[in-house]
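Notebook open, structure loaded. I'm jotting down what I looked up, in the order I looked.

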Amino acid sequence: MTVPKGEIIADGLSLPHSLLLEDRYLYFLESGKGTLNRINRDTNEMEVVHKFERFVRGMKKLDNLFFIGYSAVRKTSKTFSSVRFDNPTENAGILIYDLE
């Protein structure tokens, strides 16, 4: 949502997390899909930057590198029990993604 207009810039997302505003882009993780996304602030167009096929949560950026945390989806979780990935993991870790 933009402020003060109250305009929604993205909806229908699956567990958005870790927003980062940089230059003309709003970067964020879509944890339910395992993706790094960005929205162009000028056009409001959203694109998937990369699909990790992991439950991604938490992100920091240094220069062109994104440091992204991931973990297994708890099988007993009522909230996340419907989240499915092609390459599920039982481990947690940190991914490094180079934007270039």
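Which side chains meet in a salt bridge at 3.7 Å, N to O? I found Glu30 and Lys33. For a salt bridge I need a side-chain nitrogen of Lys or Arg within 4 Å of a carboxyl oxygen of Asp or Glu.

Ground rules before going on. This is a predicted model, where local features need pLDDT of at least 70 and side-chain atom pairs count only at pLDDT 80 or more, while totals for chains, interfaces and linings use all residues. Residues are numbered from 1 along each chain as its sequence is written, and side-chain values use heavy atoms, with hydrogens and water left out.

**Salt bridges**

I checked how exposed the Glu30–Lys33 pair is. Buried means under 20% relative accessible area, exposed over 50%, and partly exposed in between (1.4 Å probe, protein chains only). Glu30 counts as buried because its relative accessibility is 3%. Lys33, at 43%, is partly exposed.

The whole structure has four salt bridges. Another one joins Glu47 to Arg38, with the closest N and O atoms 2.7 Å apart. Here Arg38 is buried at 17%, whereas Glu47 is partly exposed at 35%. I also noted Lys51 with Glu53, closest N and O atoms 3.4 Å apart; Glu53 is buried at 11%.

**The four-stranded sheet**

Next I traced the strands, which are DSSP runs of E of at least two residues, numbered from the N terminus. Two strands pair if DSSP finds at least two bridges between them. I get an open sheet of four strands, ordered β1-β2-β3-β4, with antiparallel pairing. β1 (16–22) and β4 are the edge strands; each has a single partner, so one side of each lacks a neighbour in the sheet. On average, neighbouring strands here are turned by 25 degrees against each other, direction ignored. The axes behind that angle are lines fitted to C-alpha atoms, and angles run from 0 to 180 degrees between N-to-C directions.

Leu29 stands opposite Leu36 in β3, and Ile39 has Met46 in β4 as its bridge partner.

**Thr35**

Thr35 is found in β3 (residues 35–40). Is Thr35 buried or exposed? I have Thr35 as buried, because its relative accessible area is 3%. Its side chain makes a 3.0 Å polar contact with the side chain of Asn37. By polar contact I mean a pair of N or O atoms within 3.5 Å; within protein, one must be able to donate a hydrogen and the other to accept it, and residues adjacent in sequence count only if both atoms are side-chain atoms.

Leaving out residues up to four places away in sequence, Thr35 touches Phe28, Leu29, Glu30, Val48, His50, Lys51 and Val56. Contact means heavy atoms within 4.5 Å.

**The core**

How many residues are in the largest nonpolar core? I read 13, and those with the most contacts inside it include Tyr27, Leu36, Val56 and Met59. Such a core is a set of buried Ala, Val, Leu, Ile, Met, Phe, Trp, Tyr and Cys residues joined through side-chain atoms within 4.5 Å.

Neighbours within four places in sequence aside, Met59 is in contact with Ser18, Leu20, Tyr27, Phe28, Leu29, Leu36, Phe66, Phe67 and Ile68.
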